Amino acid sequence: MTETAYGQGPAPAPGPADPFDIRRALATLRALCVPEMEGRAPGSAGHDRATRFLVSELTGAGLSPVLEHFAIRGVLRLTAPPYCGVEGPELARDLVHRAEFAEHPRSAPMPAPVSAPASEDALPGCWAVVRGSSQGTAFAELAASFAARGVVGILVAQHADASGYLTKRVQGPTPVRLPVVAFLPELLDAVTGGTVTAHVPLERVPAVGANIVATLPGRAPDARPILLTAHYDGVGSDPGRHFPCAGDNASGTAVLCETARVLSRAEPLDRPVTFALLDGEEMGTLGSGHHARQLRERKLRPDVLNIDMAGKFNGKVAVELGPADPMPGDLIAALDASGRRLGIPLYAAPVASDNRRYAAAGFPSAGVGLGAAHYHSPLDSPERIEADALHKAGQLTLATVRHLAAPG
């Protein structure tokens with residue numbers, strides 16, 4: 001790549017520019033981010049609207065998309081606006097959900113408000129204030145011991161992300177035996193000794209995921225395919241607060257849709273190109289795991305290029321390659337040549353997304369990420385998407401595909 005030792009030969013001569021239409025890509029992105037899409041969380045009506053919209057987009061590009069369904073055990077969902085109020089010597093007011101307190105993914109159900117003093121001593125009839133980790137088996141055992149002592153729930157600390165919000169999550173491990181509510185660390189100190197009244201109606205809802213897959217045939221139908229992927233699911237919206245999920249990952253989805261339109265209208269490539277708009281990435285990359293298993297069962301071994309977050313350009317593009325042995329040499333060469341031809345610097349860095357599922361399945365894979373101003377936040381909106389970043393991601397994707405598909 002441009003900033004690595006993967007090959008620094010002369011850059012190929014510039015060819016005709018691919019007509020990646022940034023206006024079309026931005027229109028696709030904006031359509032995915034409207035409030036009616038509800039943050040595109042699996043199991044929601046908005047997610048189903050997004051699926052139908054993307055099927056129509058690929059169909060309009062001349063492809064024949066199919067849906068590949070898979071089961072999702074449980075999506076975390078708030079059934080009503082959460083409430084938390086404090087009456088104490090240091091703090092006496094209602095708190096702001098997501099900015100000051102939030103649901104915790106390990107919480108037991110809380111069907112009704114719980115009101116009790118907050119104590120560091122884990123006394124019967126009190127909220128227990130816990131300042132250590134709220135992860136793993138140890139926390140589950142601690143919650144069980146508190147429940148046996150008559151504690152009504154647990155209050156824990158959670159730091160805000162760069163956007164100033166407590167991160168929204170749509171997956172979590174098995175719930176513990178007590179309700180759990182997360183607070184900003186400084187507020188956890190302030191509520192201790194006061195009375196906390198909380199109602200955080202969090203439930204786990206089974207859902208059906210849907211990957212959207214379409215293939216553009218190549219001149220050599222038996223040639224090894226190229227697979228372009230991006231996840232279209234999001235973290236969903238809170239009751240009364242919209243999460244557009246623009247950078248993560250309407251941006252990558254829009255890049256793939258526009259890439260599909262460009263390639264479907266061009267002369268056929270030698271190799272087939274499959275487009276997979278993946279579901280369930282926010283649930284632990286479930287959609288790519290399902291798709292990778294299907295590819296292995298069909299004894300296919302594509303070169304995989306995954307685009308996750310193409311909303312902000314920070315001067316260079318992160319690329320994660322896998323598997324480590326053997327390294328994906330063709331992808332390295334294609335990305336390196338394309339980055340140099342386009343003047344887009346690339347560097348090796350973690351891209352923790354669906355590319356890892358394909359790499360784990362043994363497929364040559366690259367995860368490409370430009371970034372986003374905010375993600376998993378209400379601030380991840382189309383207004384914060386850089387058109388130049390989206391354009392660069394599209395140009396890099398098209399150039400890499402053409403390099404991979406070139407004869408010889």
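Me: At what distance from the ring centre of F313 does K392 lie?
Reply: This is a predicted model. A charge counts as sitting over a ring if NZ of Lys or CZ of Arg is within 6 Å of the ring centre and within 35 degrees of the ring normal. K392 lies over the face of F313, and its distance from the ring centre is 4.9 Å.

Me: Which residue lies over the face of F243?
Reply: The distance from the ring centre of F243 is 5.8 Å here. The residue lying over this face is K168.

Me: Which residues are joined with K168 into one network of salt bridges?
Reply: The structure holds 19 salt bridges. One of them is between the side chains of R98 and E103, at 2.7 Å from N to O. Salt bridges that share partners join K168 into one network with R98, E103, D238 and R241.

Me: Is R98 buried or exposed?
Reply: Buried means under 20% relative accessible area. E103, its salt-bridge partner, is buried at 6%. R98 has a relative accessibility of 0%, so R98 counts as buried.

Me: Is R131 buried or partly exposed?
Reply: Partly exposed residues fall between the 20% limit for buried and the 50% limit for exposed. D189 has a relative accessible area of 43% and is partly exposed. R131 stands at 41% relative accessibility, so R131 is partly exposed.

Me: Is R261 buried or exposed?
Reply: R261 lies in helix α5, residues 246-264. Leaving aside neighbours within four places in sequence, R261 is in contact with P19, D21, R24 and A61. Its relative accessibility is 15%, so R261 counts as buried.

Me: How many of the 19 residues of α5 are buried?
Reply: α5 reaches 25 Å from its first C-alpha to its last, close to the 27 Å expected at 1.5 Å a residue. The helix is mostly covered, and its count of buried residues is 18.

Me: What distance separates the C-alpha atoms of F146 and A366?
Reply: F146 lies in helix α3, residues 136-149, and is buried at 7% relative accessibility. Not counting residues up to four places away in sequence, F146 touches A122, A128, V130, V151, I154 and L178. A366 is 220 residues from F146 along the chain, and their C-alpha atoms are separated by 46 Å.

Me: Over which residues does pLDDT stay under 50?
Reply: The mean pLDDT of the protein chain is 94, and 95% of its residues reach 70 or more. Where pLDDT is low, the predicted coordinates should not be read in detail. The model has 31 contacts beyond four places in sequence for the stretch in question, where pLDDT stays under 50: residues 2-17.

Terms used. Residues are numbered from 1 along each chain as its sequence is written. This is a predicted model: local features need pLDDT of at least 70, side-chain atom pairs count only at pLDDT 80 or more; totals for chains, interfaces and linings use all residues. Side-chain values use heavy atoms; hydrogens and water are left out. Helices (H or I, at least four residues) and strands (E, at least two) are DSSP runs, numbered from the N terminus. Buried means under 20% relative accessible area, exposed over 50%, partly exposed in between (1.4 Å probe, protein chains only). Contact means heavy atoms within 4.5 Å. pLDDT is the predictor's confidence in each residue, from 0 to 100. The expected span of a helix is 1.5 Å times one less than its number of residues. A salt bridge is a side-chain nitrogen of Lys or Arg within 4 Å of a carboxyl oxygen of Asp or Glu.
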